[in-house]
Amino acid sequence: MWQEIISPRFSDTDALGHINNTVFAVWFEGARQDVFKIFTPELNLRQWPLIIASVKLDYHAQTHYGADVEIRTYISRIGGSSFDVYQEAWQHGVKTVSGTAVLVQFDYAANKAVAISAEQKQQLNQHQYKA
């Protein structure tokens with residue numbers, strides 16, 4: 001598992017006084033950077049090998065301004081050319097949001113999916129989600 005601590009900004013809140021639901025997609029994307037490095041160690045956008053096929057978020061509790069949020073990132077499934085990144089947001093020991101992004105290794109020039117290598121699978125497996 002990868003972990004990242006986020007300090008919510010005032011601008012992340014909404015009129016109801018909690019962290020707006022749209023913020024979590026951005027936070028989760030940022031916390032996937034270590035996953036991206038498995039495929040592009042230099043994070044070179046000209047050689048970017050991943051696309052997002054799906055993103056799903058579930059909201060379990062309110063998240064508030066004024067307290068840090070821990071983002072936990074796991075790999076929950078590895079396929080031939082795609083894999084699932086499962087993530088959770090925790091505040092005060094409570095899981096407030098969870099979500100899964102399906103990523104596909106992709107060759108933009110050939111416009112097709114590319115198989116995940118054995119080495120990439122080995123690195124992804126090191127962060128496998130265990131329920």
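Mentor: Rings of Phe, Tyr and Trp (its six-membered ring) pair if their centres lie within 6.5 Å; planes under 30 degrees apart count as stacked, over 60 as edge-to-face and the rest as tilted. This is a predicted model, in which local features need pLDDT of at least 70, side-chain atom pairs count only at pLDDT 80 or more, and totals for chains, interfaces and linings use all residues. Residues are numbered from 1 along each chain as its sequence is written, and side-chain values use heavy atoms, with hydrogens and water left out.

Trainee: How many aromatic pairs does a search of the whole structure find?

Mentor: The search finds 10 aromatic pairs. In one of them, the ring centres of phenylalanine 36 and tryptophan 48 are 5.1 Å apart and the planes stand at 75 degrees, so this pair is edge-to-face.

Trainee: Is phenylalanine 36 buried or exposed?

Mentor: Buried means under 20% relative accessible area, exposed over 50%, and partly exposed in between (1.4 Å probe, protein chains only). Phenylalanine 36 has a relative accessible area of 13%, so this residue is buried.

Trainee: Which geometry do tyrosine 74 and tyrosine 129 show as an aromatic pair?

Mentor: Their pair is edge-to-face, with 4.8 Å from centre to centre and 80 degrees between the planes. Tyrosine 74 is buried at 11% relative accessible area, whereas tyrosine 129 is partly exposed at 27%.

Trainee: Which residues form one aromatic cluster?

Mentor: Phe24, Trp27, Phe28 and Tyr59 form that cluster.
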